[in-house]
Amino acid sequence: FRFLTAGESHGPCLTIIVEGLPAGLEIDREAIDRDLRRRQGGYGRGGRMKIEKDSVRFLSGIRHGRTLGSPVTMQIENRDWVNWQQAMSPEPLEELPEPVTRVRPGHADFTGAMKYGHRDVRNVIERASSRETAARVAVGSLCRQLLQPFGISIHSHVLAIADVGYEEPRPLTRDAYPPSLWEQVEASPMRCADPALTERMIARILEAKRAGDTCGGVFEVVALGVPIGLGSYSQWDRRLSARLGLAMLSIPSAKAVEIGAGLEAARRTGSQVHDVLRHGADGSWYHVTNNAGGIEGGITNGEPLVVRVALKPIPSLAHPLPAVDLASGENIDQTRYERSDVCVVPAGGVVGEAMMAIVLTEALLEKYGGDSLEEMLRHFQASQSA
Ligand code: EPS
């Protein structure tokens with residue numbers, strides 16, 4: 001299983017090729033669009049999201065609503081392209097647009113320009129933009145549809161915005177994630193189940209916005225119904241924890257990842273951390289706590305898979321920070337401001353869900369692999385009854 005995304009933020013579209021999905025999987029296009037809409041939402045988004053109405057178009061790999069087993073190609077239109085046709089033209093221009101030369105601290109502006117030798121930072125920002133995450137959400141949404149027949153569901157919620165968040169670590173066991181929690185999350189403009197906290201988070205973002213500033217925060221991604229045995233300790237890069245770490249840190253602005261109790265586990269002793277295993281009367285396995293976040297030895301243990309991701313604040317500030325003009329080499333008091341979001345943590349959570357779905361799809365295909373969904377399900381059912 002692999003995928004590639006392509007496309008500049010203000011180019012005509014995002015293009016995605018996904019290879020390795022089994023044949024015979026029923027695809028709900030509307031469900032992909034729903035996930036794309038969820039990513040576009042959340043309090044703190046800027047003007048661009050009023051322009052875009054993300055929706056996916058299939059160009060290959062699906063016939064009469066089912067996967068063929070051949071590569072799936074998807075396209076998401078950038079509606080803003082009409083305003084950028086000259087500035088982003090693939091053809092040479094007689095008169096070039098004014099180059100962007102002032103770099104924003106914290107953005108890919110400086111490193112990208114130095115690395116690729118660009119004199120116009122526009123050449124960097126276009127691909128470094130988080131617009132690319134729309135493509136990943138489309139891939140994740142396809143993956144979610146594969147995970148569904150195996151009983152796996154994936155959710156996310158926001159735990160903190162800047163310094164405003166849950167006071168105590170939330171429990172991590174199965175009963176801490178009832179369906180009602182996710183209903184509350186989906187109804188909250190902050191994707192936070194606590195209405196009072198939602199209000200405080202919004203107030204925090206508003207305060208930052210008024211000051212010309214931005215906010216980061218923490219979201220949590222949870223996979224429920226994950227079977228025992230995905231991932232492996234046999235090599236470093238087979239460990240599911242490592243694969244989730246890579247996937248989550250690939251999200252723009254991600255600066256830290258925790259699994260289960262995470263950093264808190266380092267502060268406690270072994271007897272306070274390790275999850276006692278029990279065998280139920282019905283033959284099922286369960287753990288009394290879930291500080292491991294559903295992974296032991298790099299392998300899923302049947303408990304909820306819980307990953308938290310910390311996003312730094314967005315580097316485009318309405319009150320710009322000091323910077324350097326790359327053209328003149330001059331130190332300047334204020335870099336430029338470009339239209340931007342103030343906070344993207346709720347959207348980040350939706351991208352986190354997609355990355356979790358992608359990692360679990362890879363791991364599921366490794367364990368129950370097959371060329372058709374039917375074949376995979378046969379392998380899965382055989383292993384469940386063993
Ligand atoms: C982004 C800047 C903004 C964001 C964009 C990421 O876009 P624009 O420059 O067009 O105002 O809206 O995010 C998206 C377009 C998106 O779909 O999430 C940046 O500089 O990274």
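Tryptophan 285 is found in strand β12 (residues 285–287); strands (E, at least two residues) and helices (H or I, at least four) are DSSP runs, numbered from the N terminus. This is a predicted model, in which local features need pLDDT of at least 70, side-chain atom pairs count only at pLDDT 80 or more, and totals for chains, interfaces and linings use all residues. Residues are numbered from 1 along each chain as its sequence is written.

**Tryptophan 285**
- Tryptophan 285 counts as exposed because it has 12 C-beta neighbours inside 10 Å.
- Not counting residues up to four places away in sequence, tryptophan 285 touches Leu277, His279 and Gly302; contact requires C-beta atoms, placed from the backbone, within 7 Å.
- Leucine 249 and tryptophan 285 are 36 residues apart in sequence, and their C-alpha atoms are 31 Å apart in space.

**Open sheet**
- Five strands form an open sheet in the order β8-β7-β9-β15-β10, with antiparallel pairing; two strands pair if DSSP finds at least two bridges between them.
- The edge strands, β8 (164–165) and β10 (254–259), each pair on one side only.
- Five bridges join β10 to strand β15 (residues 305–311) in the antiparallel sense.
- Opposite glutamate 258 stands arginine 308 in β15.
- Helix α8 (residues 240–249) lies across β10 and β15 and runs at about 155° to β10. Axes are lines fitted to C-alpha atoms, for helices over the stretch in contact, and angles run from 0 to 180 degrees between N-to-C directions.

**Binding-site record: Arg39 and Arg45**
- An unreviewed UniProt entry lists Arg39 and Arg45 under "binding site". UniProt positions are given in the numbering used here, feature names are shortened, and annotations may be inferred rather than shown by experiment.
- Arginine 39 is placed in helix α1 (residues 29–40) and is buried, because 28 C-beta neighbours lie inside 10 Å.
- Apart from neighbours within four places in sequence, the contacts of arginine 39 are Thr133, Ala134, Val137, Ala347, Val350 and Val351.
- Arginine 45 lies in the loop between α1 and α2 (48–51) and is partly exposed, with 19 other C-beta atoms within 10 Å.
- Asp341 and Ala347 are touched by arginine 45, not counting residues up to four places away in sequence.

- Arginine 127 is found in helix α4 (residues 122–128) and counts as partly exposed, with 17 C-beta neighbours inside 10 Å.
- Serine 316 lies in the loop between β15 and β16 (323–325) and is buried, with 21 other C-beta atoms within 10 Å.
- Leaving aside neighbours within four places in sequence, serine 316 is in contact with Arg104, Tyr337, Glu338 and Ser340.

**Ligand shell**
- The ligand is surrounded by 15 residues, of which the closest are Arg48, Ser129, Ser130, Arg131 and Arg339; a residue is near a molecule if its C-beta atom, placed from the backbone, lies within 6 Å of it.
- The shell around the ligand divides into two nonpolar, six polar and seven charged residues. Ala, Val, Leu, Ile, Met, Phe, Trp, Tyr, Cys and Pro count as nonpolar, Asp, Glu, Lys and Arg as charged, and the others, Gly among them, as polar.

How values were computed:
A residue is buried if 20 or more other C-beta atoms lie within 10 Å of its own, exposed if 12 or fewer, and partly exposed in between; C-beta atoms are placed from the backbone. Two residues are in contact if their C-beta atoms, placed from the backbone, lie within 7 Å.
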